[in-house]
Amino acid sequence: MVFGRSRRGPAGRPPAEPLTLKILVAGGFGVGKTTLVGAVSEIRPLHTEEELTEAGRPFDDTGGVETKSTTTVAMDFGRITIHEQLALYLFGTPGQHRFWFLWDELARGALGAVVLVDTRRLRDSFAAVDYFERRGIPFVVAVNRFEDAERHDLETVREALDLDPGVPVLDCDARSRTSASEVLVSVVEHAQRTVVRGAEAATAAGGRPAGEDRPAEEGQPAAGARAQHSASAR
Amino acid sequence: MTDHWFDDAAGPVVRPYAMTRGRTTSGSRKDAPFDLIALVIAEEPGGAEPAAADSGPHGDLYADTSLAPEHIDIVERCRRGPQSVAELAVALDLPVGVVRVLLGDLVEDEWVRVTRPVPPAELPDENILREVIDGLRAL
């Protein structure tokens, strides 16, 4: 990695620090998240470890043990260097319900997200769609075209996922660099629109019809949502 | 694993934390933990010449007995250029939690500083997003 800027400023502080942004890649197990991240960046596994919370318990064989346990989780992690002062990081988030607790940290400050879907298993993406909607994180739905999958038109996918009209839905081939980067471009463009809309809404003080899909309180833990997800998965 | 005093649940987590001397938090971490995409930047060495980079605010990096080899590894990597917390975890092959503890020590001793990433809602202008889009299209 090369950040070539001069590192000698007054008091050791250079005038501008490099900027980092992140995009999350979510979706069900085996939907192609690793493939997509790998198509556009050098991919490496990132290990994190977390305490398992209530939400995770039914899915981990802890046999009714009441103490908290810790688990390690590997995430896909990729870096795209836009230029010396700007890097975009991709995080492929584990799709299983028991990893919801990881998402809160990842989602904080994310530019946006991709929900990758397989039309044969659309249900697997419900939880991710729900999560990003509740948190007001701009996301796009990318339909990974598996060769043996029946082709659905994108409007059908939109209806099945009950998406807001503003949410972009697009086809992709997660193996293709061009296709994967187009998916990411659509996330950034969507985020751009959302940021602009958000700024307008702030000055207009409400009156936006899409207001109800925003999270009630920024920074409030998604415990309710999480409990719901785990309850529905039981 | 049944004849051990620990069980499988201890997993691979225990050993990495040995290098933090069992600590899961660092003294200097008063606020939120370092973000995964926060950049870690080496503090300027005392001397002006890169050749004199061994000396930090508290003297020689390699002579500081309070530092583990992993601490030194982090400082060395950051001296080559800013590294995100996530990249350091990957490069050192350590869980993020361990890296955060080590970074807390290094921040406290002023070997490095950690930037706070700018939330997208506070991006100064749209040009940055435009640059990201152009960069992605050029991949």
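Reader: What percentage of the residues in chain A is buried?

Author: Buried residues make up 51% of the 234 residues in chain A. Buried here means under 20% relative accessible area, exposed means over 50%, and partly exposed lies in between (1.4 Å probe, protein chains only). A word on the ground rules: this is a predicted model, in which local features need pLDDT of at least 70 and side-chain atom pairs count only at pLDDT 80 or more, while totals for chains, interfaces and linings use all residues. Residues are numbered from 1 along each chain as its sequence is written, chains are lettered from A and ligands numbered from 1 in the order in which they are written, and side-chain values use heavy atoms, with hydrogens and water left out.

Reader: Which elements does chain A contain, and in what order do they run?

Author: Chain A has six helices and seven strands. Starting at the N terminus, the order is β-α-β-β-β-α-β-α-β-α-β-α-α. Helices (H or I, at least four residues) and strands (E, at least two) are DSSP runs, numbered from the N terminus.

Reader: What makes the buried residues of α1(A) lie on the same side of the helix?

Author: Helix α1 of chain A covers residues 33-40, and its buried residues are Lys33(A), Leu36(A), Val37(A), Ala39(A) and Val40(A). They cover an arc of only 155° around the axis, so they sit on the same side of α1(A). The arc is taken from the directions that lead from the helix axis to the C-beta atoms.

Reader: And how do you know that the buried residues of α5(B) line one face?

Author: In helix α5 of chain B (residues 127-137), Ile128(B), Leu129(B), Val132(B), Ile133(B), Gly135(B) and Leu136(B) are buried. Seen down the axis of α5(B), they fall within an arc of 165°, and therefore line one face of the helix.

Reader: Why is the pair of Lys22(A) and Asp35(B) called a salt bridge?

Author: A salt bridge needs a side-chain nitrogen of Lys or Arg within 4 Å of a carboxyl oxygen of Asp or Glu. The side chains of Lys22(A) and Asp35(B) meet at 3.6 Å, N to O, so the pair qualifies. Lys22(A), at 1% relative accessibility, counts as buried, and Asp35(B), at 14%, counts as buried too. Across the interface of chain B and chain A, the rule finds six salt bridges.

Reader: What makes Arg23(B) and Asp105(B) a salt bridge, and where do they sit?

Author: Their closest N and O atoms are 2.9 Å apart, so they meet the salt-bridge rule. The pair links distant parts of the chain, 82 residues apart: Arg23(B) is in the loop between α1 and β1 of chain B, and Asp105(B) is in helix α4 of chain B. With a relative accessible area of 23%, Arg23(B) is partly exposed, while Asp105(B), at 10%, is buried.

Reader: Why is Asp118(A) called buried, and what does Asp118(A) pair with?

Author: Asp118(A) has a relative accessible area of 2%, which is why the residue is called buried. Asp118(A) forms a salt bridge with Arg121(A), their closest N and O atoms being 3.3 Å apart. Arg121(A), at 35% relative accessibility, counts as partly exposed.

Reader: Lastly, how many disulfides does the structure hold?

Author: Zero, over all chains. A disulfide would be a pair of cysteine sulfur atoms within 2.5 Å. As for cysteines, Cys172(A) is buried with a relative accessible area of 5%, and Cys78(B) is buried with 1%.
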